[in-house]
Amino acid sequence: MATKEHTSRIFDGELNQLHYLVLEMSGLVITQLDHSMKALDERDIKLAEKIILRDREVNCHENKINEAALTILAKRSPVANDLRMVMSVSKIVVDLELIGDEVVKIAKLILTLFDSKSADPNLQLLRDIMKMGQMVSEMLEQAIRSFDTCDVKGAYTLVNEYWDYGDEYQAGIRRQLTFVIEDPRIISRSLNIFQIMKSLERCGDHARSIAEYLIFMMEGKNIRHQDAE
């Protein structure tokens, strides 16, 4: 997806390749996130272990995209829209890689939660996580759709729309504390659930960050650290 057609078709091809590399990495990260929720819901230890191993693929994608972006900068000296695209992509992949790191943290906590030496956590303790995970996955998918289709309105919607994953996080903490007061024996397990919810909250923040970089990429407007219009 070159921002506009250039006299050099090779340059167009390089920009398109950069675009597709980001889509490829995004698809992997979304799959990792969805699988973490599946592993939690189905108490699937093997799937959690697979998520941890696949993080290497996420890191490889980040390196590949950064190398492609640097090559374009060195060979083509892009300007205007092309420069913004390359710069934005280099920022977006950082957010994607950080989401991948948070998902790995979740997978490791799942291994602890469903350790054979301890009883499974109460279903009520997991309800808040599943709700947050679904919301964050939808946010990330919307961000990537906006990137793929150059949909600046979609990016603004993601930034401006009220996503209550932060409220869910706070409400979840209050509920978990109530459970702990009723049964102090589950405090260790509840702390693991707090950490999973915190990781999901960070994933939501990274999805919004991607949308902000998309607005910069498509409009040249930097809305980071200020309200979108």
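Visitor: Leaving aside its neighbours within four places in sequence, with which residues is Gln142 in contact?

Guide: The model is a predicted one. In it, Gln142 is in contact with Gly154, Thr157, Leu158 and Trp163, once the neighbours within four places in sequence are set aside. Contact here requires heavy atoms within 4.5 Å. Gln142 itself is found in helix H4, which covers residues 123-149.

Visitor: What makes Gln142 count as buried?

Guide: The relative accessibility of Gln142 is 15%. Buried means under 20%, so Gln142 counts as buried.

Visitor: Why is Cys150 called partly exposed?

Guide: Cys150 has a relative accessibility of 34%.

Visitor: Why does Glu49 count as partly exposed?

Guide: Glu49, which lies in helix H2, has a relative accessible area of 40%. That value falls between 20% and 50%, so the term partly exposed applies to Glu49. As for its position relative to Thr157, the two C-alpha atoms are separated by 35 Å, and the residues are 108 apart along the chain.

Visitor: Why is H1 called roughly antiparallel to H2?

Guide: Helix H1 (residues 9-42) and helix H2 (residues 45-76) pack at an angle of about 160°, and their axes are 10 Å apart. Angles over 145 degrees count as roughly antiparallel, so H1 is roughly antiparallel to H2. The contact of H1 with H2 has 18 nonpolar, five polar and 10 charged residues. H1 passes H2 in a left-handed crossing.

Visitor: How do you know that H3 and H7 are roughly antiparallel to each other?

Guide: The angle between helix H3 (residues 80-113) and helix H7 (residues 187-219) is about 170°, with the axes 9 Å apart. The cut-off is again 145 degrees, and H3 and H7 are therefore roughly antiparallel to each other. In the contact of H3 with H7, the residues divide into 19 nonpolar, seven polar and eight charged.

Visitor: Why is Cys60 too far from the closest cysteine sulfur for a bond?

Guide: The closest cysteine sulfur to that of Cys60 belongs to Cys203, at 20 Å. A disulfide requires two cysteine sulfur atoms within 2.5 Å, so Cys60 is too far away for a bond.

Visitor: How many disulfides does a search of the whole structure find?

Guide: The search finds zero disulfides in the whole structure.

Notes: Residues are numbered from 1 along each chain as its sequence is written. This is a predicted model: local features need pLDDT of at least 70, side-chain atom pairs count only at pLDDT 80 or more; totals for chains, interfaces and linings use all residues. Side-chain values use heavy atoms; hydrogens and water are left out. Helices (H or I, at least four residues) and strands (E, at least two) are DSSP runs, numbered from the N terminus. Buried means under 20% relative accessible area, exposed over 50%, partly exposed in between (1.4 Å probe, protein chains only). Axes are lines fitted to C-alpha atoms, for helices over the stretch in contact, and angles run from 0 to 180 degrees between N-to-C directions. Angles under 35 degrees count as roughly parallel, over 145 as roughly antiparallel, 65 to 115 as roughly perpendicular and the rest as oblique. Ala, Val, Leu, Ile, Met, Phe, Trp, Tyr, Cys and Pro count as nonpolar, Asp, Glu, Lys and Arg as charged, and the others, Gly among them, as polar. A crossing is left-handed if the near helix is turned anticlockwise from the far one by less than a right angle, and right-handed if clockwise.
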